[in-house]
Amino acid sequence: MDKKIKLAIGLGSTCSGCDIAILDLNEKVLDLASLVEIVFWPTAMDFKLPDLEKIGKNEIDISLQHGTIRTSGQEHIAHLLRERAKVMIAFGSCSCFGGIPGLCNLTSREEIFETVYKETPSTVNPEFTTPRTEITQDGHDLTLPELYNDGKALPQIVDVDYYLPGCPPAAELIGRLLPIIANFMETGELPPKGTVIASDKTLCDECPLTKENKMISRIYRPHEIIPDPKRCLLEQGILCTGPATRGGCGARCINALMPCRGCMGPTAEVKDQGAKMISAIASILGVENEKDLSEDEVEKLLDQIKDPVGTFYRFTLPVALINRRIKEGSEK
Amino acid sequence: MTQAQQPKAKRITIEPITRLEGEAKIDIFLNDEGNVDNAYFQVVELRGFERFCQGRPVEEMPRITPRICGVCPGAHHMASSKAVDAVFGVDPPEPAKKLRELFYCAHVIHSHIAHFYALAGPDFVLGPAADPSKRNILGVIEAVGLDIGRKVITARSYAQRIQETIGGKATHPVCGLPGGMSKPITEEERKEIEEMAKSLVEFSKFSLELVDNVILRNKDYIDLILSDTYSHETYYMGMVDQNNKVNFYDGDIRVVDLKGKEYAKFKPKDYLNYIAEHVEPWSYLKFPYLKGIGWKGLVDGEDSGIYRVNCLARLNVADGMATPLAQEAYDKMYDVLGGKPSHATLAFNWARIVETMYASERLLELATDKDVTSKDVRAIPTGTPEEGVGCVEAPRGTLFHHYWTDEEGIIKKVNLIVATGQNNGPMCMSIKKAAQSLIKNWKVDQGLLNMVEMAFRAYDPCLACATHTLPGQMPLEVIIRDIKGNEVRRLSRHLHPEPLGIRVDVVS
Amino acid sequence: MDGFEPKIIGFCCNWCAYAGADLAGISRIQYPSNLRMIRVMCSGTIDPLYILEAFQKGADGVFIGGCHPGDCHYQSGNYKTRRKVSLAKRLLSQLGVSPQRIRLEWVSAAEGQRFAQVVTDFIKEVEELGPSPLNQRGAQHG
């Protein structure tokens, strides 16, 4: 009799879009259920921490985790899963690269607390009470996990075997796990370590829009223009991170006529998604009359790019070459 | 057992809370008499969107803020889209608003279906005291047939498909822009949506019948729903249209008091005059309350600023439903509940299906509106951006997005009042009350854990759950120790090979 | 800043800036030795990645030397340079690294004296700024 694969699903600082993405397999979830026995999944099942702790080394076949690592509790889960699993998968952009919560690296825990618990206009907190990791309330001892200053991707915490990027991962890509699991059950074989379950090419390769001539003379923010629905958005001056982003997602955002924002992360050879993207922009913006532009005019042209870090590292800041903001003069 | 040997377990920790979106734990503390002294619902994470969104171009907010929640990203997307309209002072063309509302009805349906069938449904279809191993969607399917399971999957897949057609993706849609929508839909797409909408109306009818057959025919359930254990007298808040009927996408905000009388009605942009947030050091989640009444702690009553949002609240504040079948269901519900407003927390589950009926009817109305295929779905903003508020009824309650920008439209400041957050206080109170009602004189009952969970679950704590991958168990174990740490009693209710850990520690 | 010797990485194009640096050397024109030179064929080939990497690896400043606009050996390479460098400055500025730590200069092969002058100026400016925030004690960065 075929033994079912034991699967564990752990959470970092997740929005649970990745859990919904699994459910969006719809009928295929029944296929998944026939192959796996889920031994941990706080989102959907009542296994608690002590149950996970009791599982022995290598007793879990596949663990996957989604969500940025932001707290001590989430880091603990990552270690628990890795220690007990033969295979660890980083599921979703937050886990693969840090994701949108990784933008916390542009600020600090102190600044977040200031904003959330003091400065927001609806907050009434004159004593600036903030959450504490240990507190005695009305005679009761309570604890909270520590909120870290940095957001981290899963590979920065534990050894990761496979990556399934996307925010959330496309159903088609999640579906690719099924034959991998089935094959594993039958033959014990797995894809090469480090495999990214996505396309090896950039999004441009699967984008349905027509590419003609990449030379733009100005940038339009998405609300400033109604684009030609058949032509490449970047060519029309709308910033699109397609050239620096891995494909395989089905170009879903493009289908809604909105530009890519890079959730699939960079392709294999690219060290830093943001650097790659600004290189691409510099190659096509203001090229036609570049000889005639003064230094000031060049600067004005580039002023149209409002938020390089937030646009080109939206999902990948924690794994960037320089992955956090440090203030000048912050020497202690 | 003698007096001296009586177990003195003083603390019950449930960690993590499961079957919800987000991370939390519950600590229940017993006093010297073995009664519940207090219970704490602690949210254990924070991401800081209100801070790291500073510096981002405001038009990107409808694409960034859905990442607050992957179960109701559509709600954040819509609230954000409306907020960025307001920031630029641009009014989208009517067809764009209808298209947004069409998308949004589908979104509410997806979220409500998932919660009702996977989380709350089992408690009613099978019973709160039913065999724990059966008390989940698998047990429901066993009780009512695999066809139901497939029906549920299909219905939710239609709701997701409609969102994808309009918004690019169902989870983390991208279509909302200042001034309208990124693209129109074709007649072909509209036809497809219309067919799916018809199906969803039928499915909603079916769900109401399920409520009828399973809940209303069972006096025990009625008693449970109407019991004091699950009742809180609070204020209620929700969005209403110009006829004071429930609307998810647009309208004014209405607050009613414990007797159902209107306490306030305001435009979303004036929310700061009515809502404030309190902070406790033992949770990362803040506690919204009515500013005019004030923060009096986690207590019921006319003098407490605690208010509730979400399904039952919306129905409590409205004068009715805008569509016929939903109105029928609404009337029937209040008939059984004994009038308006209803303070019965468990009735949130029922109200959820009444709302699903409305959302489906409204979806079909909009899908057959010829405006919805118009090409005129965007107005280009011309004003200087500054400040704006966008508000919708998320499936889980009223949701406010408030942005301030510089003259280039770069975010300076963000304030978010998120739906589930407004029920933070009520959830704490519900858990405490259920625990206090059920745990007396050290008696920790089998029914305890599920009953406490039901108090929490009714608020639909932000997760659309598996519709068919639960293992068919709700395994829990409570270990009671005396002061010396010796095990005195062990209660388990599970078929799982390994017992689950609900730690019951002695606190000396 | 006492005892602080800035580490500067300099990318200089073969045809102009590097030749200018050479000329400075031959002419025995003195300038501080903080600059570690990397010769590239054209300043236009400098990927913004190199600039980021230089800071990530410990540079306190990055100097880029290219041909005067209009004089590029490859026609238009240096036009790309100025766009790339400007974008890199903006990116780094958002990350907390002062744009003053990146200096783009056009230096011809004949401008040995000028080369020494601009480099000296730049080193002094970085000295005044202090160590790069990525190098400061207590800075956390991965």
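Two strands count as paired here if DSSP finds at least two bridges between them.

**View 1. Strands 5 and 9 of chain A run side by side in this predicted model.** Strand 5 (residues 85–91) of chain A is joined to strand 9 of chain A by three bridges, and the two run parallel. Look for Ile89(A): across from this residue, in strand 9 of chain A, stands Tyr162(A).

View 2. Strands of a sheet pair through backbone hydrogen bonds, either parallel or antiparallel.

**View 3. Here's a hairpin in chain A, made of strand 6 and strand 7.** Strand 6 (residues 134–137) and strand 7 (residues 140–143) of chain A pair in the antiparallel sense, over four bridges. One pairing to pick out is Ile135(A) with its bridge partner Leu142(A) in strand 7 of chain A. Two residues lie between the strands, and Asp138(A) takes a positive phi near 50° in this hairpin.

**View 4. Now for the place where chain B touches chain A.** On chain B, 80 residues are in contact with 77 residues of chain A. Among the elements of chain B that each supply at least two residues to this side are strand 2 (24–30), strand 3 (36–43), helix 6 (146–167) and strand 14 (411–417). The residues on the chain B side split into 39 nonpolar, 21 polar and 20 charged.

Conventions:
Residues are numbered from 1 along each chain as its sequence is written. Chains are lettered from A and ligands numbered from 1 in the order in which they are written. This is a predicted model: local features need pLDDT of at least 70, side-chain atom pairs count only at pLDDT 80 or more; totals for chains, interfaces and linings use all residues. Two residues are in contact if their C-beta atoms, placed from the backbone, lie within 7 Å. Ala, Val, Leu, Ile, Met, Phe, Trp, Tyr, Cys and Pro count as nonpolar, Asp, Glu, Lys and Arg as charged, and the others, Gly among them, as polar.
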